[in-house]
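Hello,

Here is the structure I said I would pass on. My notes on what was found follow below it.

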Amino acid sequence: MKCLVFSDSHNYKEFMDRAMRLHPDAEVVFFLGDGISDYEDIWYKYTSVKHFAVRGNCDLRMIAMGEHIKKTDNITLSGKKIVFTHGDLYGAKYGTDGLISLAREKDADIVLFGHTHMPYSKYIPAPDDISDDEYPIPRPIYLFNPGSIGYCVSPSYGVLTLGEGEPLFSHGSFA
């Protein structure tokens with residue numbers, strides 16, 4: 001299953017539309033905030049894919065596409081629990097500790113986040129031991145930021161491929 005991941009369009013939706021046309025086989029799209037009104041147009045234009053969105057620190061609207069848009073949400077796809085958030089609530093601009101804590105709290109395999117405008121991908125192996133039994137099933141975590149699809153020097157987006165085995169992550173760019 002191919003998923004496209006967008007974040008931080010900031011009133012600029014052209015590159016989201018171009019990425020959608022480049023990946024007609026995408027089945028799922030995640031929008032990670034800061035441009036929810038831009039993404040609403042994509043949601044209505046591409047009705048054959050499943051859409052999941054959260055709002056960012058610059059999104060004033062809480063209702064879009066007829067739904068209440070949360071700051072953080074989660075879903076399980078192809079057996080992988082995915083938590084998606086903008087990242088501002090978890091200190092994404094200052095490091096990944098808050099995102100790792102979120103993953104552990106939600107027992108997630110993957111955390112998708114934006115906010116920094118920088119593409120990022122990291123694999124964190126499962127800890128060897130958990131001393132306080134707070135997390136009964138330690139598991140590896142994947143952190144993934146698509147970068148900014150908006151008005152930056154190098155607009156970028158993410159591609160997440162889910163299936164049997166480990167997830168695959170890549171970045172696309174319109175530099």
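The side chains of Thr-72 and Tyr-90 are joined by a polar contact of 3.3 Å. Please keep in mind that this is a predicted model. Thr-72 makes a second polar contact through its side chain, this one of 2.9 Å to the side chain of Thr-85. Thr-72 itself sits in strand E6, residues 72–77. Setting aside neighbours within four places in sequence, the residues in contact with Thr-72 include Val-54, Val-83, Phe-84, Leu-89 and Leu-102.

Next, the nonpolar cores. The largest one has 23 residues, and those touching the most other members are Leu-4, Phe-6, Met-20, Tyr-39, Met-65 and Tyr-157. At least two residues of this core come from each of strand E1 (2–6), helix H1 (14–22), strand E2 (28–31), helix H2 (36–45) and strand E11 (156–161). Another core, of 18 residues, lies apart from it; Cys-3, Val-28, Phe-84 and Phe-144 are among its members. In soluble globular proteins, nonpolar side chains tend to be buried together.

Helix H2 has these buried residues: Ile-36, Asp-38, Tyr-39, Glu-40, Ile-42 and Trp-43. Their cover includes E1, H1, E2 and the strands E3 (50–53), E4 (63–64) and E5 (67–68).

Last, two residues with a positive phi that are not glycine. Asp-8 has a phi of about 55° and is in the loop between E1 and H1. Asp-8 counts as buried because its relative accessible area is 0%. For Asp-34, phi is near 65°, and the residue is in the loop between E2 and H2. Asp-34 is also buried, at 3% relative accessibility.

Regards

Methods. Residues are numbered from 1 along each chain as its sequence is written. This is a predicted model: local features need pLDDT of at least 70, side-chain atom pairs count only at pLDDT 80 or more; totals for chains, interfaces and linings use all residues. Side-chain values use heavy atoms; hydrogens and water are left out. A nonpolar core is a set of buried Ala, Val, Leu, Ile, Met, Phe, Trp, Tyr and Cys residues joined through side-chain atoms within 4.5 Å. Buried means under 20% relative accessible area, exposed over 50%, partly exposed in between (1.4 Å probe, protein chains only). Helices (H or I, at least four residues) and strands (E, at least two) are DSSP runs, numbered from the N terminus. Contact means heavy atoms within 4.5 Å. A polar contact is a pair of N or O atoms within 3.5 Å; within protein, one must be able to donate a hydrogen and the other to accept it, and residues adjacent in sequence count only if both atoms are side-chain atoms.
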